[in-house]
Every structure is written in C-alpha cells, then in structure tokens.
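Reader: I am new to this structure. Please take me through its ring pairs and its disulfides, one question at a time.

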Amino acid sequence: QLQLVESGGGLVRPGGSLRLSCTSSEFSLDHYAVGWFRQAPGKAREGVGCISYSGTMTHSAASVQGRFTISKDDAKNTVHLQMDSLKPEDTGVYYCAAARICPYYSDYARADTTDFGSWGQGTQVTVSS
C-alpha cells in the first residue's frame with residue numbers, strides 16, 4: 001500500500017518561506033497525482049493544491065495562488081510544496097495524499113478529502129512573529 005511521508009515543516013516568521021517535501025520509499029510517484037492539504041486547529045482539512053502524475057499540470061487554492069508552488073522531482077521521487085510570503089493564517093498541519101488524477105474543483109480549498117488516499121502523517125507549519 002502506498003504510504004506517503006511529509007517533511008520540512010517548522011516555525012517561520014510572516015513573510016518567510018518554507019519548502020515541504022512528500023515522498024514514498026516504496027512506490028514511484030510517477031504514477032500518481034499528489035495533493036496537498038492543510039488543517040488549522042479547530043478547522044476542517046482544506047485543499048492547498050495538486051500536481052498531476054506527469055508534473056505538467058498544477059492546481060492551487062485561491063488563497064495560496066501566487067505564493068505557493070507545487071513541483072515534482074522525479075529523480076528523487078519527491079513532490080515539493082514551496083511556500084513563500086507566508087502568513088499567520090497559513091499555520092496548520094500540512095498533509096500530502098495521492099490520487100490517480102487531480103480532481104477538478106472550482107476552488108481547491110474545497111477539495112474533497114475522500115478523492116485522495118494514502119495520506120501521510122502530516123508536518124506542522126507555524127507562521128508567527
């Protein structure tokens with residue numbers, strides 16, 4: 001069973017940057033679309049974005065467009081979430097998950113978590129001064 005692992009979280013000041021990574025030691029991510037989600041304390045998990053299995057198409061929630069970028073490094077079997085211009089409201093646990101394709105949503109913040117599987121354990125991102 002595909003198991004994903006996230007890393008790269010931490011504490012950063014507003015306006016700063018972090019790069020999260022999502023990888024699998026057992027399966028090639030070449031065959032999977034990978035979505036990123038986040039969950040703030042007391043709130044529902046929301047979508048951040050998704051990258052196609054080929055890495056040629058990405059989708060992003062309106063709240064992170066222009067600040068967050070999803071990319072694939074096939075040589076390292078890793079998907080990255082580059083987060084720039086971070087805001088306190090970006091604080092939360094960030095998860096990656098897999099799907100056959102990136103589902104369509106009018107806004108990826110409303111992504112249906114049941115469309116994805118093989119969830120990682122999450123990595124904490126805290127944006128605070």
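Reader: Is F37 buried or exposed in this model?
Author: The model is predicted. The relative accessible area of F37 comes to 1%. Buried means under 20%, so F37 is buried.

Reader: How are the planes of F37 and F116 set, stacked or edge-to-face?
Author: The ring centres of F37 and F116 lie 5.0 Å apart. Their planes stand at 80°. Planes over 60 degrees apart count as edge-to-face. The pair of F37 and F116 is therefore edge-to-face.

Reader: How many residues apart in sequence are the parts that F37 and F116 tie together?
Author: F37 belongs to strand β4, residues 33–39. F116 sits in the loop between β9 (92–99) and β10 (123–127). The pair therefore ties together parts whose separation in sequence is 79 residues.

Reader: Is W119 buried or partly exposed?
Author: W119 pairs edge-to-face with Y95, at 6.3 Å centre to centre and 75° between the planes. Y95 counts as buried, at 12% relative accessibility. W119 has a relative accessible area of 21%. Buried needs a value under 20%, so W119 is partly exposed.

Reader: Now the sulfur links. Is the disulfide of C22 and C96 right-handed or left-handed?
Author: C22 and C96 are joined with an S to S distance of 2.1 Å. The torsion about their S-S bond is about 80°. The disulfide of C22 and C96 is therefore right-handed.

Reader: How many residues apart are C22 and C96?
Author: C22 is in strand β3, residues 18–23. C96 is in strand β9.

Reader: Is the link of C50 and C102 right-handed or left-handed?
Author: C50 is in strand β5 (residues 46–51), and C102 is in the loop between β9 and β10. Their S to S distance is 2.1 Å. With -85° about the S-S bond, the link of C50 and C102 is left-handed.

Reader: Which pattern do the disulfides follow?
Author: The structure holds 2 disulfides. One joins C22 to C96, and another joins C50 to C102. With bonded cysteines counted along the chain, the pattern is 1-3, 2-4.

Technical notes: Residues numbered from 1 in each chain as written. Predicted model: local features only at pLDDT ≥ 70, side-chain atom pairs only at ≥ 80, totals over all residues. Heavy atoms only, no water. Phe/Tyr/Trp six-rings, centres within 6.5 Å; stacked < 30°, edge-to-face > 60°. Helix = DSSP H or I, 4+ residues; strand = E, 2+ residues; numbered from the N terminus. Buried < 20%, exposed > 50% of the residue type's maximum accessible area, 1.4 Å probe, protein only. Disulfide = S-S within 2.5 Å.
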